[in-house]
Amino acid sequence: MTQIFDNPADFADEALDGFVAANRGYVARVDGGVVRSTEVPAGQVALVIGGGSGHYPAFAGLVGPGLAAGSACGNMFASPAAGQVYRVARAASAGGGVLLSYGNYAGDVLHFGQAQLRLNAEGIETRTVLVTDDIASAPPEQIEKRRGIAGDLTVFKVAGAAAEAGLGLDEVERLAIKTNHRTRSLGVAFGGCTLPGADAPLFTVPEGQMSLGLGIHGEPGISEHPMPTASELAGLLVSRLLADKPEDAGTRVVAIVNGLGTVKYDELFLLFGKIETLLTAAGLTVVEPECGELVTSLDMSGLSLTLLWLDGELEQYWAAPADTPAFRKGNLAPRARRELAAADETAAEEAEHATTAAADLGRQAAAVLTRVRDVVVEHEEELGNLDAIAGDGDHGIGMRRGVDAAVAAAEQAVAAGASVGRVLTAAGEAWSERAGGTSGALWGSAVIAAGLALGNRDSYSGGDAAAAVTAFVGAITELGKAELGDKTMVDALLPFRDAFLTAFGAGMPVAASLAAAAEAATAAADGTSGLRPLKGRARPLAEKSLGHPDPGAVSFALISERIARHHASVRATPEPAASDTASGAGNGVRKND
Ligand code: ADP
Ligand code: MG
């Protein structure tokens, strides 16, 4: 039971504040997480890790020389928002690029993915390596679908050591991928864990039983067993992991026995001894093992075994020194403290430098978002009902929360004199942070992508509108990975984009191209009634969804239609500064407009 807190809602934040207070020689707090408080050599690759809180020492405890440069820290068991990842990565970056690495969970993939798009768009070269070590979560032929558990440590450690050695981003990424390919874990649980303030555990394991293959948040296991003896447990874990060993495994392994929260160190050591004996008997050499709490799950009673199959270079980086609050190995020369720039400096600077024309366009971009909010509010209930047929019924409320936050952030940016790119990135960030749900993360990224494509300028041409439409749709397909026919909003988005580009390419003005695109989106959204969902939460209830359109496709069609109408009305009413913006028309410089 987690008992020490004032307000459960502040638990993750206040625990992180206290962690930083106890470790100022290692870490400094930034908006969204922590970064090293010590000097990082210029040009070093920054390994940025992260995930939900409640897994200490993952993730903030692994920040320091030889390991991570920063950690994005979400709420309890919840992914950090994309904006948090982005800000931590920016603060951690030392000019050598960023490697994002984290366990493979849907929420983290969306939010870190969105941050990656944004960092790359801003010229900070960023790559991603997902950790997928848990053999219980998918069969070997779907290894990329496995989730990440204690294998986080091997991947982070090798990548961090490679960065410390001065290797470039390509090499650090290659070594992280290789380490992940050669890491396997399996966990067991004897009892559940309870979130701060909750009155019941997230899951329970029946008395006298052990659940095999349970994840680090209580995801379903593979099977239940009567509580084994230590020798039986060691045998079970070792045999399952050896049966799943990678090709070219070799004979040298790192073994990690990881406690998930409330198993005593003495018990972990006892088990480790038996595991080492079994591995040796199988002809393997155990190299620099670890035994202790490395990736936990609050007060969960359970443990896991991880094996990393070494080769020469992986062994070198695994054995290299590291110095972090929770993981220390070998000796590293002491580092000088560094000064961190104030978090919002760049944003404030950008806004200050916007010209009157650019700020006016920023205001017009915010006005477009207000129209989007109008249409979401009008259809909130209908969208919720549609999502309730085969999903979880939250599409209306989620869109509402997202767009309300987006409009508020846009208005704040406008009040600070911000231009289009700044208004839209602030709005998109707020959208994905506040909406919750898949569609919110995707909408937020799309709005940010459109903002980055448009930039902060004094005027726009029709070609900019085409670029913004392409970027908007591209962000959603890239992050969500849905394809045409999966029954998602992509089924309305792609026809929208194609109709826009076709009309615009044929010389039609932006307003008419938008109208044609919205019409295509509406028809396509209707057409999703005949499809079975292949992505998202509605997938398990695919049959129920037949005959009803996809909620995300419908909301997008409604919004596109409203934006097209708004654009046409703005064009019809000449204004002093008549260059349209976020939806992006021009000043008559092109044949289209
Ligand atoms: P959640 O599914 O998290 O409850 P919402 O209910 O707000 O989120 O949104 C559901 C909509 O999200 C679906 O109708 C679908 O259009 C869209 N969606 C879900 N997954 C994806 C994906 N991978 N790519 C694109 N759109 C998706
Ligand atoms: Mg939903």
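User: Which residues are the closest to ligand 1?

Analyst: This is a predicted model, in which local features need pLDDT of at least 70, side-chain atom pairs count only at pLDDT 80 or more, and totals for chains, interfaces and linings use all residues. Residues are numbered from 1 along each chain as its sequence is written, chains are lettered from A and ligands numbered from 1 in the order written, and side-chain values use heavy atoms, without hydrogens and water. A residue is near a molecule if one of its heavy atoms lies within 4 Å of it. Ligand 1 is surrounded by 19 residues, and the closest are Asp 394, Thr 438, Ser 439, Met 489 and Asp 550.

User: Which helix gives the most to the shell around ligand 1?

Analyst: Helices are DSSP runs (H or I, at least four residues), numbered from the N terminus. At least two residues of the shell come from each of α13 (437–454) and α18 (551–572). With four residues, the one that gives the most is α13.

User: How far is a polar side-chain atom of His 395 from an oxygen atom of ligand 1?

Analyst: A polar contact is a pair of N or O atoms within 3.5 Å. For Asp 387, an N or O atom of the side chain is 3.0 Å from an oxygen atom of the ligand, and for Asp 392 the distance from a polar side-chain atom to a ligand oxygen is 3.0 Å. For His 395, the corresponding distance is 2.9 Å.

User: What share of the area that ligand 1 exposes alone does the protein bury?

Analyst: Accessible areas come from the Shrake-Rupley method with a 1.4 Å probe. Ligand 1 taken alone exposes 560 Å², and the part of this that the protein buries is 95%.

Note on methods:
Polar contact = N/O pair within 3.5 Å; in protein donor to acceptor, adjacent residues only side chain to side chain.
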